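Here is a short briefing to read alongside the coordinates. Have the viewer open and follow the topics in order.

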Amino acid sequence: PVFFITPIHPLRDGSIVALGSTYPFGHRSDVSVEHGALSESKDGGKTWSEPEIIVRNDDLLNPQGFTEECDFVELDDGRLLVIWRACAAGGYMRQLYLDRDSKGIWQASPAVINPAFPPSGYPCMWRADDGTIFYYGHLRIRYSCDDGLSWGELPLGISYYGQLTEISAGRMLAVTQKNIGDCSYPWKNDASMKQTTFDYQ
């Protein structure tokens, strides 16, 4: 099936997980029928499982609008914390957890609308060595010290399709595009990149 992938990360057990979306008609005709899916490799990427739908656009009255754009981090207990971009009108990002059941099959918790995450581009996440989770969103960088139960914020400016990485203990690097948003190239304004480095405790 058609499978659009955004994040792909190795886990501590040696497997590799890719998340994205798939379409029941085999082509991208209507985002309201786009479903979130997962594929996994246990041999270093040589073979992959068939994409398994883990979240569905199943509310006909208020379509969630799940897209392929999401990101995840692995928690100490083996669960995956996922933030999923939703394109529903007025929709916020969805937050959910993935966990393996007794048969090793990934199961998703309910996808919660998180008002801390307004509509934005690709939801980049990073889990630092000390367990702090960072999320680079549209208006600010969010952070969680309790595995996503609550979120603080760092007012470091507007981002769109930004990326995060930890460059040393307690020090983060954030890079994003500016002045273009979700528009095609070339844009009417000069586009540029913004780099922000910050320390945290």
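Among contacts in the protein chain between residues at least 6 apart in sequence, what percentage join residues at least 24 apart? The share is 42%, where contact means heavy atoms within 4.5 Å. This is a predicted model, in which local features need pLDDT of at least 70 and side-chain atom pairs count only at pLDDT 80 or more, while totals for chains, interfaces and linings use all residues. Residues are numbered from 1 along each chain as its sequence is written, and side-chain values use heavy atoms, with hydrogens and water left out.

**The chain as a whole**

- The protein chain has zero helices and 16 strands; helices (H or I, at least four residues) and strands (E, at least two) are DSSP runs, numbered from the N terminus.
- Of the 201 residues in the protein chain, 44% are buried; buried means under 20% relative accessible area, exposed over 50%, and partly exposed in between, with a 1.4 Å probe and protein chains only.

**A four-stranded sheet**

- Strands of a sheet pair through backbone hydrogen bonds, either parallel or antiparallel.
- Here, four strands form an open sheet in the order β10-β11-β12-β13, and the pairing is antiparallel; two strands pair if DSSP finds at least two bridges between them.
- The edges are β10 (124–127) and β13 (152–154), each with a single partner strand, so one side of each has no neighbour in the sheet.
- On average, neighbouring strands of this sheet are turned by 25° against each other, direction ignored; the axes are lines fitted to C-alpha atoms, for helices over the stretch in contact, and angles run from 0 to 180 degrees between N-to-C directions.
- Inside this order, strand β11 (residues 133–136) and strand β12 (residues 141–144) run antiparallel and are joined by four bridges.
- Phe134 has Tyr143 in β12 as its bridge partner.

- Five bridges connect strand β14 (residues 163–168) with strand β15 (residues 171–178), and the two run antiparallel.
- Gln163 is bridged to Val175 in β15.
- Two residues lie between the strands of this hairpin, and Gly170 takes a positive phi near 75° there.

**Aromatic rings**

- There are five aromatic pairs in the structure; rings of Phe, Tyr and Trp (its six-membered ring) pair if their centres lie within 6.5 Å, with planes under 30 degrees apart counted as stacked, over 60 as edge-to-face and the rest as tilted.
- One of them is Phe134 with Phe198, an edge-to-face pair at 5.7 Å centre to centre and 70° between the planes.
- That pair links distant parts of the chain, with Phe134 in strand β11 and Phe198 in strand β16 (residues 192–199), 64 residues apart.
- Both of these phenylalanines, Phe134 and Phe198, are buried.
- Phe134 also forms an edge-to-face pair with Tyr200, at 5.0 Å centre to centre and 75° between the planes.
- This pair too links distant parts of the chain, since Tyr200 sits in the segment after β16, 66 residues from Phe134.
- Relative accessibility is 1% for Phe134, so this residue counts as buried, and Tyr200 at 14% counts as buried.
- Elsewhere, ring pairs link Phe117, Tyr135 and Trp151 into a cluster.

- Ile5 belongs to strand β1 (residues 3–10) and is partly exposed, at a relative accessible area of 46%.
- Beyond its neighbours within four places in sequence, Ile5 contacts Ala18, Leu19 and Gly20.
- Ile5 and Glu69 are 64 residues apart in sequence, and their C-alpha atoms are 7.8 Å apart in space.
- Trp48 is in the loop between β3 (35–41) and β4 (52–55), and its 35% relative accessibility makes this residue partly exposed.
- Leaving out neighbours within four places in sequence, the contacts of Trp48 include Ile8, Ile16 and Ala18.
- A polar atom of the Trp48 side chain lies 3.2 Å from the backbone oxygen of Gly45.
- Thr22, in strand β2 (residues 16–22), counts as buried at 6% relative accessibility.
- A polar atom of the Thr22 side chain lies 2.7 Å from the backbone oxygen of Val2.

Methods: Polar contact = N/O pair within 3.5 Å; in protein donor to acceptor, adjacent residues only side chain to side chain.
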